[in-house]
Structure formats: structure tokens, C-alpha cells
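Hello,

Here is the structure we talked about. Please open it alongside this note; what turned up follows below.

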Amino acid sequence: MKRRDFLIWIFKATIGAWILGFIGSILSFIKFPKLEKEEFEKEIEIKGYENLKIGEAKFVPNLKEPLFLIKIEKGFVAISAVCTHMKCILEYNFENKRIDCPCHGAIFDLNGNPIEGPPRIPLKRYEVKERGRKLYVVLE
Amino acid sequence: MRLKKEVENCMLSLNKINVFPLKKYFLEILILINLLIQFLTGFLMLFYYIPSMERGFESTIFIIRDVPLGYYFFNIHLWGAILILIFVILLIFKLIFYKLYHKPKEILWIFTLILFLFLSFQYFTGILLPMENNFYWQVERIMEILKEIPILSSIYSFLFGNFIINKFVHIRFYIFHSFLIPIFILIFLFLIFSNFEREKISPFYFNYLFILFLTFLGILLTLSILFPFKISEIYDPFKTPTKIYLPFFLLPIYFLKIYLPKKIFGFLFLILNFLIFILPWIDKRKPLPIFKSKISFSIFSLFIILIFLAGIFGFFKL
């Protein structure tokens, strides 16, 4: 390779690297930042659960996973309030002790198992921790 | 006298312009007119829209109720979005029907498909902006479909994160809907139109064009007065409406998503799309119009009937 060709090649490579870096820096700026750690905690504290009677449920509006906190005889159960079929938000049916889906008429029992309708997968259950007087639901 | 001469000169120079023939490129010119209206109404609504999750709904209500003619601009923008998608789908059918994707024009076929992709993305990003509950849940449902498709979902999560709508996603949707994608659409429209044949101007060309524009505007106005879009309640991520309507072009895909297992659906969707993209290289027979050969015509009509049936079944399964 002649010296001139080599220099030209180096020049082209430099310009190419510069353009690549330019595009890369723009793309790294555009790329969606990771916000989950800041926005969603691993444990959520639940307030206002003291007045729940047995069989009653409290809807916990959490953006990552809306929950039902249901009081049973032994303590509390936390069940996901998102239908496993099409991600509709479920409704708690106090009279019949079950969870209904308004979209396609699915019915779940209080353990989260599907009884009727299109979904096949049971609802997620979450661990409930009691520390002193405070109640926490542990999200994965 | 001087003025008259200048007008004559102007008319003479007009005669030298070559234009796109109206009858041949009716659909394309209709798309162009529709896009013009979309750009105008969208640009005007930018004056009042506040891009934030809390105040988006409020400002949309303000546009509809209080701004003079805001009601018409809003509804024309939404109806125009649906009509333009219909026109582009018809254009794709036209390209198949007359086999206009054949050899020197493969690039036209690909540009048209990319235009359709951009326009549907424009629909997807646009319906989030009013922050209305039904539209919000439409976006959620479309995201459910997007999640299953391998390559598209990774592009989506590069740009918009983890399939959750928050203020960052909202402002990105706003930027993409009102600045980035329109620029890309303009570029692709220019590329499509640069492929077309031209002919010498007829003396009534612009009259016809104006009549077409007025007729189309009249249709849009009628639609927006008779069937306005309901903007009733602010978005609520914890309250699902009883029925979530999907845009019509997603109904066949929704049908596939319901009845197929998750992984198969994603790959099938990708493969089908890839096959459609490389259609000019698959089909290398004579570039006759499709209705002159019985086999290809029956395949084509069967294909269209299947898509329609899937769409109808998808609608009833919503």
C-alpha cells in the first residue's frame, strides 16, 4: 500500500468513526432510560387496612401491578387485579366472594384460579408481610 | 395591458408543467389531499394542546369546547386518520391487483408498505394524546399485541421503555406523533410520488383538484358532525371500560392473537409481513393484471375474504 493511499484510508476511517460516534451518542440519548427502580419499589406499604371485615377487599392502585388485598380469617391475601387474558382491571364481587372481569366475563375465585371465561392462567399471588402495625406487599 | 400579458405568460408557463394524471393516480392524490388536511388540523391543534398527562385531557376538552372551530378540527383530524389508513390499504390492494409492484417498481411497493407502517404508528401514538379513558385502553391493548411480536417489541422498548405509560412515554408519543413521524411520512410520500409518470397539464386540472379537495373536506365535515368522537372521561389506569374498540386494521391481527399460542403468533406475524415485503421477488411471472389469470385472481380474492372474515370475528371477540 502506498503512503498516500494509507493516509486517505486513515482519513476516511476517522470520518466514519466520527459519524458512528455521532449517531451512537444521539441514539444513547434517545434510548428510554431505566426508571423502574425509581418508580416502583419492591415492597409497597398499604394504609387503611384496619377497617376491613372478613371477606372484604381493598383495591391497591399500584402502577406496576394493581392488587386486591383481601382479608380472610387467618390474615390477608394479596392477589393481582389484572386479568391474565387481556390485562383488564378486575372487580371484586363481595356478595359472591369472587373476582369478575368486566371485559370478557371471566370469573376467578379468591385463590386466583379461573372458574369461567377465556383465561387459563391463574392470577398472581403476592406475599404479605406484617411488621409491627404496618402491612407490606412484596412485589417481585 | 401589462397585467394581462403577465397573466398570459403565467398560463403559458403552467402549460409546460407536467402533472400526475388524476384518473390514474386518483387514490394517491386523495391520500395527498388527506395528508394536507391532517397536517393543517394537527398543526393548528398544537397551538392549544398541553403535552402532559394531567393537563392533556383538559386542553383537549378546551380545544373541543372553547376554541372556535376546534370541534371540527379535532373530529376532522381523527376521521381523516381513519380514512387515510383505508386509502393506503386500498392503494396496497390496487398495487397487487394491477401488479404494479413488478420489476422496475419494486421500490414503490416497499415505500408504500413503509408509508402504511408509519401511518399506523401515527394512529397508535396519536390516540394516547387526548388522555381519554377509551383511547388510553386502546393503546394498552395495542401494546398487548406489540409485546408478542419479536423484533417490533424490541424496537418499541428501545424507544418507549417497558410497555408502561408514564409521563416520559407520553412526551415521547407527543414528539413522535407531531414532529418525527410526519417528517418521515413526507419523505416517503416524496419518494413514492417521484416514481410516478407525468403528463402535460389539462386546462381544467386544478379545477378538478379543487373540486376533489372540497368534496373530500365535505365528506370529512359530514362524518365529524354526524359521528363525533366521544371524549367523556379522563384516563384511569385502574378502570377498564367494558368494551375496548381497536382500529379496524388491527382486528385481523387481534383475531390471530386470540386463537394462536403466544410464540407462534409473533413469528407468524413476522413471517407474513416479510413475505408481503418481498412479494415482487417471489412473484416473477408476467406482469399481467391479476384478473387476467384465474388462479392468481382466486388466490387474491380468497386472501381478501379471509382477512375480512378474521377482522369481523376479531370485532365480535373484542
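**Salt bridges and a surface patch**

Glu197(B) is partly exposed, because its relative accessibility is 43%. Keep in mind that this is a predicted model.

Glu197(B) has a partner. It forms a salt bridge with Lys24(B), with the closest N and O atoms 2.6 Å apart.

Lys99(B) and Asp283(B) meet in a salt bridge at 3.2 Å, N to O. This pair is 184 residues apart. Lys99(B) lies in the loop between helix 4 (70–97) and helix 5 (106–126). Asp283(B) lies in the loop between helix 12 (279–282) and helix 13 (294–316). Lys99(B) counts as buried, because its relative accessibility is 7%. Asp283(B) is buried too, at 10%.

Now chain A. Arg98(A) forms a salt bridge with Asp100(A), the closest N and O atoms being 3.0 Å apart. Arg98(A) is partly exposed at 26%, whereas Asp100(A) is buried at 18%. The count over all chains is seven salt bridges.

Last, the surface of chain A. A nonpolar patch of about 830 Å² is made by Phe11(A), Ile15(A), Trp18(A), Ile19(A), Phe22(A), Ile23(A), Ile26(A) and Leu27(A). Leu27(A) belongs to helix 1 (residues 3–30). It is partly exposed, at 41% relative accessibility.

Best wishes

Methods
Residues are numbered from 1 along each chain as its sequence is written. Chains are lettered from A and ligands numbered from 1 in the order in which they are written. This is a predicted model: local features need pLDDT of at least 70, side-chain atom pairs count only at pLDDT 80 or more; totals for chains, interfaces and linings use all residues. Side-chain values use heavy atoms; hydrogens and water are left out. Patches are made of residues with over 30% relative accessible area and no salt bridge: like charges are joined within 9 Å, nonpolar side chains (Val, Leu, Ile, Met, Phe, Trp, Tyr) within 5 Å. Accessible areas come from the Shrake-Rupley method with a 1.4 Å probe; for residues, only the protein chains shown count as cover. A salt bridge is a side-chain nitrogen of Lys or Arg within 4 Å of a carboxyl oxygen of Asp or Glu. Helices (H or I, at least four residues) and strands (E, at least two) are DSSP runs, numbered from the N terminus. Buried means under 20% relative accessible area, exposed over 50%, partly exposed in between (1.4 Å probe, protein chains only).
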